[in-house]
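Hi,

Here is the structure I promised to pass on to you.

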There are 4 protein chains.
Amino acid sequence: MTQTQNTPAKVKARLGENNYGKAEVNLMKVNRTAERHEIRELQVRVAMTGDFDAAHTQGDNTDLIATDTVRNTIYGLAKEGFQGSPEEFGQELLAHFVKTGPRVTGGFVEFTEYLWERIPVGGEGHNHSFARQMPQRTGRVESEDGQTFKVTSGIENLYVLKTTESGWANYLLNERFTTLPETHERLMASFVTARWEYGAGQVDYDDVWQRVYRQIQETFTDHYSPSLQNTLFLMGQAVLTVCPEISRIWFRMPNKHHLQYNLERFGLENNLEIFHVDPEPYGLMEGWVERAE
Amino acid sequence: MTQTQNTPAKVKARLGENNYGKAEVNLMKVNRTAERHEIRELQVRVAMTGDFDAAHTQGDNTDLIATDTVRNTIYGLAKEGFQGSPEEFGQELLAHFVKTGPRVTGGFVEFTEYLWERIPVGGEGHNHSFARQMPQRTGRVESEDGQTFKVTSGIENLYVLKTTESGWANYLLNERFTTLPETHERLMASFVTARWEYGAGQVDYDDVWQRVYRQIQETFTDHYSPSLQNTLFLMGQAVLTVCPEISRIWFRMPNKHHLQYNLERFGLENNLEIFHVDPEPYGLMEGWVERAE
Amino acid sequence: MTQTQNTPAKVKARLGENNYGKAEVNLMKVNRTAERHEIRELQVRVAMTGDFDAAHTQGDNTDLIATDTVRNTIYGLAKEGFQGSPEEFGQELLAHFVKTGPRVTGGFVEFTEYLWERIPVGGEGHNHSFARQMPQRTGRVESEDGQTFKVTSGIENLYVLKTTESGWANYLLNERFTTLPETHERLMASFVTARWEYGAGQVDYDDVWQRVYRQIQETFTDHYSPSLQNTLFLMGQAVLTVCPEISRIWFRMPNKHHLQYNLERFGLENNLEIFHVDPEPYGLMEGWVERAE
Amino acid sequence: MTQTQNTPAKVKARLGENNYGKAEVNLMKVNRTAERHEIRELQVRVAMTGDFDAAHTQGDNTDLIATDTVRNTIYGLAKEGFQGSPEEFGQELLAHFVKTGPRVTGGFVEFTEYLWERIPVGGEGHNHSFARQMPQRTGRVESEDGQTFKVTSGIENLYVLKTTESGWANYLLNERFTTLPETHERLMASFVTARWEYGAGQVDYDDVWQRVYRQIQETFTDHYSPSLQNTLFLMGQAVLTVCPEISRIWFRMPNKHHLQYNLERFGLENNLEIFHVDPEPYGLMEGWVERAE
């Protein structure tokens with residue numbers, strides 16, 4: 001029935017760490033109980049872990065939850081649950097799949113929340129009309145038993161830039177491949193990704209997110225930056241200060257280079273006025289900032 | 001030197017309409033004369049037209065402006081000029097290339113302006129720190145002589161949504177492939193692209209853009225929409241009303257479908273609460289709205 | 001019911017050129033009549049033109065074809081028709097909508113065909129297993145009456161590169177912003193987009209496409225290129241030679257710059273060996289090549 | 001100098017796991033020693049680890065390698081080294097940075113190799129002209145000391161599809177949110193990502209990659225697939241069989257759903273002929289296949 005060919009005898013193999021589920025489930029929930037409607041839009045991935053050996057090695061699907069069922073469940077539980085934050089909704093989903101799937105013991109949920117602001121009309125946000133914003137809220141909920149959860153929250157697509165108060169100097173200069181001159185005045189820009197974990201106790205995830213989002217931007221403005229690394233650390237420290245709920249925070253901060261274009265060749269001065277916004281490559285800094293005690 | 005092969009005798013061919021230049025030139029200009037810095041970021045394409053026959057048909061590049069020179073010129077003229085709007089900068093560029101290029105008679109400039117807002121600190125926008133916004137400003141300047149110009153301005157990436165006050169009914173129902181039920185209550189969303197042309201007279205392009213941007217959003221909120229087509233027309237009419245400078249305006253409005261997920265199968269009611277945000281396909285409406293007299 | 005505000009009296013406006021329909025309809029058709037299956041995958045946009053004034057200006061949808069119906073029709077007619085090329089299928093679709101829509105007088109269909117090759121097993125292509133290729137086939141069919149059609153076909157995502165046999169010299173050198181040195185040996189690369197129109201008579205669209213696709217690549221290899229413009233012209237002339245069905249052909253050819261990295265600073269020679277593949281900006285050439293008589 | 005505001009006293013914070021370097025460095029190396037040129041194109045990321053505390057917490061950059069230097073080094077070492085596979089080049093890079101950077105103790109290199117095939121002319125691949133292919137080769141090299149390395153290789157963007165010989169049945173059917181019917185005949189498609197690790201001993205990375213690339217495709221064709229999970233396992237087992245160098249292999253396989261379009265509503269049969277290619281959501285399977293002894 002199928003085409004065959006000569007192949008050596010198969011080696012013995014076993015299944016290692018694995019998961020399956022549904023990804024890019026795009027969900028919008030509208031709360032229209034009051035005249036002022038509320039909306040939340042999520043892109044959700046659900047991945048289940050457990051004993052899926054028979055399916056992989058024998059082609060035996062007995063007791064497996066279909067990924068189509070995962071999709072139905074996300075929409076169904078969004079109706080019955082999802083009264084609060086997406087982080088809590090993720091916990092509801094994992095608890096459900098562990099309870100419902102005979103072979104499911106745990107898993108993880110990842111989401112991206114697209115943010116909408118009310119359209120301003122006459123100085124006020126409209127009751128039922130919205131415009132999409134650029135930054136995104138992210139999150140991940142993991143569980144090994146469907147009852148206890150590890151929650152991570154995050155921010156993506158936050159693009160910030162400052163036109164002064166940053167530099168890069170005192171680095172390793174006497175090295176074969178080093179040609180970059182030092183500077184104490186430059187343009188600095190980054191496309192910030194952040195993720196953070198929580199300590200013990202109850203958390204108002206929506207409120208924490210707003211505080212982190214605001215603090216990252218404010219710290220970006222409030223100091224002379226000798227390096228993106230130092231700004232990363234100061235942002236982390238400031239977030240830990242205003243959010244006691246957070247145990248540690250991670251940043252991924254590309255240094256989106258804005259290069260002074262060489263205009264001297266044409267008899268023109270360029271005193272930090274005219275820049276080429278270089279799409280690649282970019283410096284890339286990643287790091288955790290943690291509580292010291 | 002090169003590999004050859006048998007081919008039939010070449011037919012006679014001639015060069016038709018053509019242009020060349022440089023695309024995706026990413027430029028940022030910073031005005032730091034006052035403590036409160038101003039920034040503008042453009043992605044620019046310059047295309048030149050003229051008598052380029054010899055280059056195409058004979059491989060004779062005499063008097064051609066190199067595209068590398070086009071890039072240098074964009075940055076150089078941004079330093080000397082670009083005091084006002086990107087639309088005026090586009091005119092400066094075209095005038096320059098017609099004057100400088102012995103074979104250039106005209107061309108067009110297209111730009112996308114990335115928009116930045118000041119980061120709010122203590123209720124006020126910061127002096128030199130900015131966050132990128134989602135919508136983009138676009139424009140195109142054309143000229144056949146380097147002295148007179150046709151200007152088009154536009155908006156892209158404006159994603160708006162309303163949770164009520166829209167419907168779709170009374171269309172052709174008795175047709176073989178028609179299965180969609182009528183509705184007078186739905187969620188409506190669109191990713192608006194707009195482009196407009198100007199009448200005679202001086203124009204403050206920056207000010208017009210702000211008025212159009214605000215008006216499109218306000219009109220989106222202010223009526224019951226029987227169709228995206230009708231909303232498109234009302235938006236156009238409202239823009240023509242608040243912007244006497246504009247002669248006509250074009251919209252491209254995809255209908256980003258939000259489909260009520262079928263929850264009845266699970267014994268759940270779905271009263272416009274739980275939606276699947278469908279990535280494709282989308283209804284797509286395009287049209288010009290023009291002054292009637 | 002909706003929030004209102006003070007606005008000036010509305011100006012008189014009228015609807016200009018317009019169209020509507022459905023975009024990004026993703027269709028796969030499988031022919032399984034023989035053991036050796038055939039597949040075709042299209043992304044389709046259908047746009048209808050006609051008298052849609054009442055819908056836009058009055059919100060009166062009478063006799064309008066719903067865009068959901070357009071989608072159903074594409075899949076339905078793909079079952080009943082689409083026996084040959086996508087260009088012919090586009091004609092079937094337009095003829096249908098003009099016949100069925102009381103207000104529809106014409107329109108256009110645009111498609112992208114994703115190309116699949118049979119997976120090689122034992123030196124032969126498999127009967128029912130396929131791998132996606134990178135280049136794409138495109139097309140557009142227009143009609144003003146649903147009976148006569150203008151057909152354009154095309155190629156996208158064809159990325160070609162040669163490591164020798166190209167240069168750029170003899171251009172305008174004595175100019176303020178010109179710093180680029182001449183070269184007779186460089187690396188040349190382009191991401192080719194082509195579109196062509198047909199003369200009178202019957203056309204085997206699938207066969208023409210294969211000839212154009214092959215010829216563009218062969219011509220790219222067979223000459224010393226003094227400029228991308230000259231290569232564009234030679235490609236066009238060669239296509240017109242091997243395809244008498246084609247009346248004229250258009251190319252969009254970005255010059256994807258590969259810049260020799262400056263290694264002399266580190267005491268290293270770089271004899272066209274080490275390149276930075278620059279993502280932006282790129283030279284951009286567009287032009288038609290037409291039959292001379 | 002900067003705007004300030006009232007903030008609580010800063011908490012004590014420390015730097016956790018971190019790295020920095022340069023990303024999206026686009027490199028092409030041409031070997032033109034023979035008439036038949038060879039090319040390799042890589043996008044490279046280099047991340048260094050070590051003692052970067054002072055930079056983060058004190059703004060003290062002493063002895064730090066600038067990311068601009070990282071870029072220069074990648075191009076410089078590509079000239080002097082990079083004689084073999086990208087995996088070996090990654091090792092050369094890490095060894096260099098540990099040797100050169102006073103604070104660097106290790107790091108990782110990630111690369112994507114873009115693949116080019118010779119353009120066929122007269123039945124043979126051309127000497128110096130190439131066309132880009134769709135699949136990509138990936139890799140990652142890690143080191144904690146600059147002397148010993150962990151290498152992972154991979155494949156991305158391999159999109160495969162079969163029109164028969166797959167199904168999905170015997171799963172958990174009696175469940176509230178399960179509506180999907182069983183099937184023993186469907187269309188199955190996946191956008192395969194693979195990554196594998198190596199056992200002890202010398203490895204010819206280029207040769208292994210070719211074997212894995214070919215085997216994944218062949219196994220995809222050679223069996224009735226009761227689930228993507230089973231196909232994933234069989235692919236892994238087959239790769240381990242033909243590549244003794246590989247210790248284990250991981251796959252990420254989205255199930256790109258092709259849904260039979262409901263044509264019965266229009267009186268048309270759809271016997272696995274007409275499909276909607278659904279862009280989202282998709283089933284997503286991830287798993288390792290390892291040697292059993």
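This is a predicted model: local features need pLDDT of at least 70, side-chain atom pairs count only at pLDDT 80 or more; totals for chains, interfaces and linings use all residues.

You'll find Asn157(A) in strand β5 of chain A, which is made up of residues 150–162.

**How the copies are related**

In general, two copies of a chain are related by a rotation about an axis and a shift along it. Take chain D and chain C: a rotation of 180 degrees, with 0.0 Å of shift along its axis, puts chain D on chain C with an RMSD of 0.0 Å. What is that relation called? It is the relation of a two-fold axis. The residue of chain D that comes closest to this rotation axis is Met134(D), with its C-alpha at 2.4 Å. Both copies use the same surface, as 100% of the contact residues of chain D recur in chain C.

Now do the same with chain D and chain A. Chain D is superposed on chain A by a rotation of 180 degrees with 0.0 Å of shift along the axis, and the RMSD is 0.0 Å. Why can we say that these copies meet through the same surface? Because 100% of the interface residues of chain D are also interface residues in chain A.

**Helices α2 and α3**

Back in chain A, find helix α2 (residues 67–80) and helix α3 (residues 86–100). Their axes are 11 Å apart, and the helices pack at an angle of about 130 degrees. So α2(A) and α3(A) are oblique to each other, and α2(A) passes α3(A) in a right-handed crossing. Which residues make the contact? From α2(A) come Val70(A), Thr73(A), Ile74(A), Leu77(A) and Ala78(A), and they meet Phe89(A), Glu92(A), Leu93(A), His96(A) and Phe97(A) of α3(A). Sorted by class, the residues of this contact between α2(A) and α3(A) are 7 nonpolar, 2 polar and 1 charged.

On the α2(C) side, the contact has Val70(C), Thr73(C), Ile74(C), Leu77(C) and Ala78(C), while α3(C) brings Phe89(C), Glu92(C), Leu93(C), His96(C) and Phe97(C). The contact of α2(C) with α3(C) counts 7 nonpolar, 2 polar and 1 charged residues.

**Helices α4 and α5 in chain D**

Over in chain D, look for helix α4 (residues 205–221) and helix α5 (residues 228–242). The two axes come within 9 Å and cross at roughly 140 degrees. That makes α4(D) oblique to α5(D), and the crossing of α4(D) past α5(D) is right-handed. In α4(D), the contact residues are Arg211(D), Val212(D), Gln215(D), Ile216(D), Thr219(D) and Phe220(D); in α5(D), they are Thr231(D), Leu234(D), Met235(D), Ala238(D), Val239(D) and Val242(D). By class, the contact of α4(D) with α5(D) has 8 nonpolar, 3 polar and 1 charged residues.

**Cis peptide bonds**

One last thing to zoom in on: is the bond between Glu280(C) and Pro281(C) cis or trans? It is a cis peptide bond, with omega at about -15 degrees. Pro281(C) sits in the loop between β9 (274–277) and β10 (282–291) of chain C. In chain D, a cis peptide bond joins Glu280(D) and Pro281(D), with omega at about -15 degrees. The loop between β9 (274–277) and β10 (282–291) of chain D is the place of Pro281(D).

Cheers

Definitions and conventions. Residues are numbered from 1 along each chain as its sequence is written. Chains are lettered from A and ligands numbered from 1 in the order in which they are written. Side-chain values use heavy atoms; hydrogens and water are left out. Axes are lines fitted to C-alpha atoms, for helices over the stretch in contact, and angles run from 0 to 180 degrees between N-to-C directions. Helices (H or I, at least four residues) and strands (E, at least two) are DSSP runs, numbered from the N terminus. Angles under 35 degrees count as roughly parallel, over 145 as roughly antiparallel, 65 to 115 as roughly perpendicular and the rest as oblique. A crossing is left-handed if the near helix is turned anticlockwise from the far one by less than a right angle, and right-handed if clockwise. Contact means heavy atoms within 4.5 Å. Ala, Val, Leu, Ile, Met, Phe, Trp, Tyr, Cys and Pro count as nonpolar, Asp, Glu, Lys and Arg as charged, and the others, Gly among them, as polar. Copies are superposed by least squares on the C-alpha atoms of residues with pLDDT of at least 70 in both.
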